[in-house]
Amino acid sequence: MSILIKNIKQLLQVREQQVDILRGKAMANLPILENAYVYIENDTIIEFGLMEDFTNIEAEQTIDATGKIVLPSWCDSHTHIVYAGNRVNEFVDRINGLSYAEIANRGGGILNSAKVLAETSEEDLYQQSLKRLNKVIALGTGAIEIKTGYGLSVASELKMLRVVKRLKQESLAKIIPTLLAAHAIPEDYKNDKQDYINLITDELIPKAADLQIADYIDVFCEEGYFSVEDTDAILKAGATYHLQPKIHVNQFNILGGVALGVKHKALSVDHLEELNNDDIEALKNSDTMPVALPACSFFLGIPYTPARKIIDSGLPLAIATDYNPGSTPSGNMNFIVSTACIKLKMTPQEAINAATINGAYAMGLEKTYGSITRGKKANLIITKPMESYFELPYAFGDDPIDTVIINGQLFK
Ligand SMILES: N=CN[C@@H](CCC(=O)O)C(=O)O
Ligand SMILES: [Zn+2]
């Protein structure tokens with residue numbers, strides 16, 4: 001199958017040379033071609049350029065993108081989209097004054113999702129998750145990380161990983177599985193946290209590694225969940241099985257998880273709603289990507305990650321949805337890009353870089369996704385007609401997308 005997209009008003013994120021990561025000031029540069037074309041064959045970007053340099057290419061399908069913007073599909077590097085049911089009652093409880101922590105302390109929160117997931121068949125869990133996955137692909141996401149963490153037992157965590165594996169096999173989108181068994185202390189272990197940690201390090205990690213069913217390891221390093229010492233032990237066990245960390249840190253409290261993540265060569269440290277100078281210093285001269293999750297801040301009413309401080313310190317930044325039933329029941333990357341501009345004070349150029357190339361980096365996919373580069377995967381968004389790409393973040397809450405191409409195939 002070959003597709004030619006012609007008369008593109010603005011072609012965004014055009015990189016002649018491979019770029020792995022954008023840090024600091026480099027995030028302000030979003031390379032664009034005005035009045036351009038892209039040619040794809042099967043699942044690969046073959047050629048692109050200006051219409052004035054276009055010499056006829058015979059394609060099986062030609063799309064006229066007059067007045068429209070084309071860009072690489074979004075790379076969402078942090079989600080929990082495999083879950084069962086929802087937590088809409090807790091949403092109402094929070095409106096009525098309870099905090100996220102108070103709900104969790106009453107046995108709600110992650111434990112509530114774990115209980116429902118345990119009672120849900122694997123097939124049902126797959127179908128519920130597939131619906132969400134297809135919804136976010138139609139919203140422009142072409143590569144997505146999916147975490148476990150609502151299993152909290154060997155059997156249920158493996159059930160979640162099998163569901164992610166099936167999504168990965170059956171979807172056109174690129175899917176990256178992460179083992180987040182250390183998401184909360186299960187009810188049965190509430191007085192024996194160490195026993196649960198041992199179960200993760202001695203049983204679950206070796207099993208997941210043996211099945212080659214997880215690419216990364218995650219821990220929720222937070223008061224009331226896993227301490228820095230717990231996180232250290234779990235990441236050490238993960239390293240034995242070559243599972244690189246991508247961890248939840250600094251969502252509510254600064255415990256020292258950022259420096260710990262850097263010490264363990266984490267691919268990313270995510271959340272960072274709370275961040276101090278020691279954290280910034282720890283991230284300098286590292287290859288760890290800070291990841292902001294602005295929709296979580298929006299939904300919970302907690303501080304936004306200080307993106308300006310991060311970028312102005314010369315660090316890179318990625319943005320992701322955190323799609324999950326408790327703190328972010330939305331996987332709309334278009335909204336994330338808007339929120340990054342409106343609330344994190346990122347420019348449209350920085351936000352789009354954070355949601356494409358840097359998002360790809362935060363999943364280890366920077367060589368194959370995240371930019372319009374010859375040889376990369378043909379995952380593209382064609383927008384509805386607009387004056388300029390600034391309208392993408394500006395018209396927040398709109399669905400700006402006309403067509404989605406995933407792996408060289410028309411999805412929407
Ligand atoms: N903070 C930990 N995990 C999720 C929320 C999980 C939940 O509430 O179900 C997050 O990233 O926000
Ligand atoms: Zn999360």
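**Notes on the model**

1. UniProt, in an unreviewed entry, puts "domain: Amidohydrolase-related" at residues 292–410 (its positions follow the numbering used here, feature names are shortened, and annotations may be inferred rather than shown by experiment). Over residues 292–410 the chain is 34% helix and 13% strand (DSSP runs, H or I of at least four residues for helices and E of at least two for strands, numbered from the N terminus).

2. A quick word on the source: this is a predicted model, where local features need pLDDT of at least 70, side-chain atom pairs count only at pLDDT 80 or more, and totals for chains, interfaces and linings use all residues. Residues are numbered from 1 along each chain as its sequence is written, while chains are lettered from A and ligands numbered from 1 in the order in which they are written.

3. Have a look at helix α6 (residues 193–211) and helix α7 (residues 228–240): their axes are 10 Å apart and the angle is about 10 degrees (axes are lines fitted to C-alpha atoms, for helices over the stretch in contact, and angles run from 0 to 180 degrees between N-to-C directions). So α6 is roughly parallel to α7 (angles under 35 degrees count as roughly parallel, over 145 as roughly antiparallel, 65 to 115 as roughly perpendicular and the rest as oblique). On the α6 side, I197, I200, T201 and I205 make the contact, and on the α7 side D230, A233, I234, A237 and G238 do (C-beta atoms, placed from the backbone, within 7 Å).

4. Next, helix α4 (residues 122–138) and helix α5 (residues 154–170) cross at roughly 50 degrees, their axes coming within 10 Å. That makes α4 oblique to α5.

Technical notes. Two residues are in contact if their C-beta atoms, placed from the backbone, lie within 7 Å.
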